[in-house]
Amino acid sequence: MLDFFIKNRGQIASLTLEHLWLVGIAIGIAVLVGVPLGIVVSRNQWLRKSVLGGTNVLQTIPSLALFGFLLPAPWLGARADRLAIVALVLYALLPIVRNTYTGIAAIDPAVKEAAIGMGMTDSELLMQVELPLSASFMLAGVRIATVTAVGVATIAAAVGAGGLGELIFRGVAMVNNQLILAGAIPAALLAIVADVVLGAIENRLRVPRK
Amino acid sequence: MSNTDESSKSSPVIEFREVGYRIANQILLKDISFSAFAGETLVLLGRSGAGKTTALKLINRLLTPTHGEVDVNGRSTTSWNPILLRRSIGWVIQESGLFPHYSVEGNIAVVPKLERWPQDRVNARISELMHIVGLESNLRGRYPHQLSGGQRQRVGVARALAADPVILLMDEPFGALDPITRADLQREFLALQRRLRKTVVIVTHDLREALLLGTRIALFDSGKLAGVFTAQEFANSQDARVREYVTPFREAALPI
Ligand SMILES: Nc1ncnc2c1ncn2[C@@H]1O[C@H](COP(=O)(O)OP(=O)(O)OP(=O)(O)O)[C@@H](O)[C@H]1O
Ligand SMILES: [Mg+2]
């Protein structure tokens, strides 16, 4: 087994990097979209229902099916990595949007009222009170989204987007456990590392809320 | 004494004009009219749920009247820019309402920073205020959850005074304190107010506190104003709603 890893280390390393790249880009986009979306729904009750409901539905679509659905789309179907990233972003949105919203909604209303009563504008309230007080919640969402994305990204190989899933799919097809493990072990390690690193950042962002 | 001349009396700093406030079909305040003049400490007294906090929030436009108007410096709160209005009014909040993620100095500095004071001026002001409200300077970096109730209230007062507002609104500032700390803070408040001469509106349900701190007392009773009295008038009033307050107070004082 170890021999197999050492012999194929070049390929395993490059697929791991590819995997990391898919997940990294997808989470980056999901944060850029999801955090503002979470802020918007914390201020607009009507949008809240549709956005949280919509992201919830996305999450319930089995990942293989989601990749399949996106395949015929014109711009997406053209490149497998593009398609994979979009699918991963759609999956990552729910935890990020929901945690951003929950973090803001869970702030003691008296604290918000104090901020408004002292003359903060809406953006000052957001930057000085709501974001700092909910930062650790948001990061928890990013952490959940990332760990999930590392797993879901193994499916991306099914549409030819590469990543560690390639070894797993090949291993399944060839009934070769070594190949499967060569994909699965690095993927599991990636997920654990992401969990630990993001968990540490989450702790650093934690502030007293009461 | 210079503050009691007729010219300052004639133009109230805060004026409620037939103010009503309702949510859906629940009436929280009805037909409230009274004024607060420069340099005075007006007490809003009343039982829990009488509408005192609601009245206070109408002054800094956290709420707007559904009937009548509240004037601050002669202008209806609805015609003020709400941000400017609020920054010119200090607010000490029931249960202190400090920002949990800011240290003592961070809390005191909030409004000066919103007003973009230079950092050295902010720092000097923090030191000055901590001294004024009796906070040891070694508490500067502490967070609210690391303070005692009394210390938190002092920070709340310092924060409200930070940008030197003309008006100070205080919602049961000494509510949740033991009697001795409470008496300390009341005494310090009186000394402070003798110096600063702010226009203060202070909410309490404690008659003793009202008589001690207030130049006048506005008595609230289930969303209505029972009247505005000096301490003397309050003690002698035959109004049933006033007697309700004074009688138990007298009885409690007897055995001593
Ligand atoms: N947002 C609201 N919706 C409905 N009712 C409210 C709302 N805010 C306050 N009330 C009600 O209005 C009444 C007056 O409330 P208010 O907070 O002004 O009382 P208060 O005199 O400050 O009482 P306390 O001494 O307990 O602080 C209460 O009966 C309260 O339940
Ligand atoms: Mg109240």
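Modeller: Let us begin with a term: a residue is called buried when its relative accessible area is under 20%, and exposed when that area is over 50%. Please keep in mind throughout that this is a predicted model.

Biologist: Is A:A87 buried or exposed?

Modeller: A:A87 is found in helix 6 of chain A, which covers residues 80-105. Its relative accessible area is 0%, and the cut-off for the buried class is under 20%. A:A87 therefore counts as buried.

Biologist: Which residues does A:A87 touch, if residues up to four places away in sequence are not counted?

Modeller: Distance along the chain and distance in space are separate matters, as A:A87 and A:L58 illustrate, being 29 residues apart in sequence and 9.5 Å apart in space, C-alpha to C-alpha. For touching, the cut-off is heavy atoms within 4.5 Å. With residues up to four places away in sequence set aside, the residues that A:A87 touches are A:L66, A:F67 and A:L70.

Biologist: Turning to the two chains, how much area is buried between chain A and chain B?

Modeller: On the side of chain A, 19 residues are in contact with 20 residues of chain B. Carbon and sulfur atoms give 69% of the area buried between the two chains, and that area is about 1,800 Å².

Biologist: Which residue of chain B meets A:E113 in a salt bridge?

Modeller: Between chain A and chain B the count is two salt bridges. In one of them, the side chain of A:E113 takes part at 2.9 Å, N to O, and its partner is B:K57.

Biologist: Which helix supplies the largest share of the side of chain A that touches chain B?

Modeller: Helix 7 (109-117) and helix 8 (122-152) of chain A each supply at least two residues of that side. The largest share is six residues, and these come from helix 7.

Biologist: Which residue has a polar side-chain atom 2.5 Å from an oxygen atom of ligand 1?

Modeller: Of the 14 residues around ligand 1, those that come nearest are B:S48, B:G49, B:K52, B:T53 and B:T54. A polar side-chain atom of B:K52 lies 2.8 Å from an oxygen atom of the ligand, and for the side chain of B:E172 the corresponding distance from an N or O atom is 3.1 Å. The residue with the 2.5 Å distance is B:T54.

Definitions and conventions:
Residues are numbered from 1 along each chain as its sequence is written. Chains are lettered from A and ligands numbered from 1 in the order in which they are written. This is a predicted model: local features need pLDDT of at least 70, side-chain atom pairs count only at pLDDT 80 or more; totals for chains, interfaces and linings use all residues. Side-chain values use heavy atoms; hydrogens and water are left out. Buried area is the accessible area (1.4 Å probe) that two parts lose on being put together, summed over both. A salt bridge is a side-chain nitrogen of Lys or Arg within 4 Å of a carboxyl oxygen of Asp or Glu. Helices (H or I, at least four residues) and strands (E, at least two) are DSSP runs, numbered from the N terminus. Buried means under 20% relative accessible area, exposed over 50%, partly exposed in between (1.4 Å probe, protein chains only). A residue is near a molecule or strand if one of its heavy atoms lies within 4 Å of it. A polar contact is a pair of N or O atoms within 3.5 Å; within protein, one must be able to donate a hydrogen and the other to accept it, and residues adjacent in sequence count only if both atoms are side-chain atoms.
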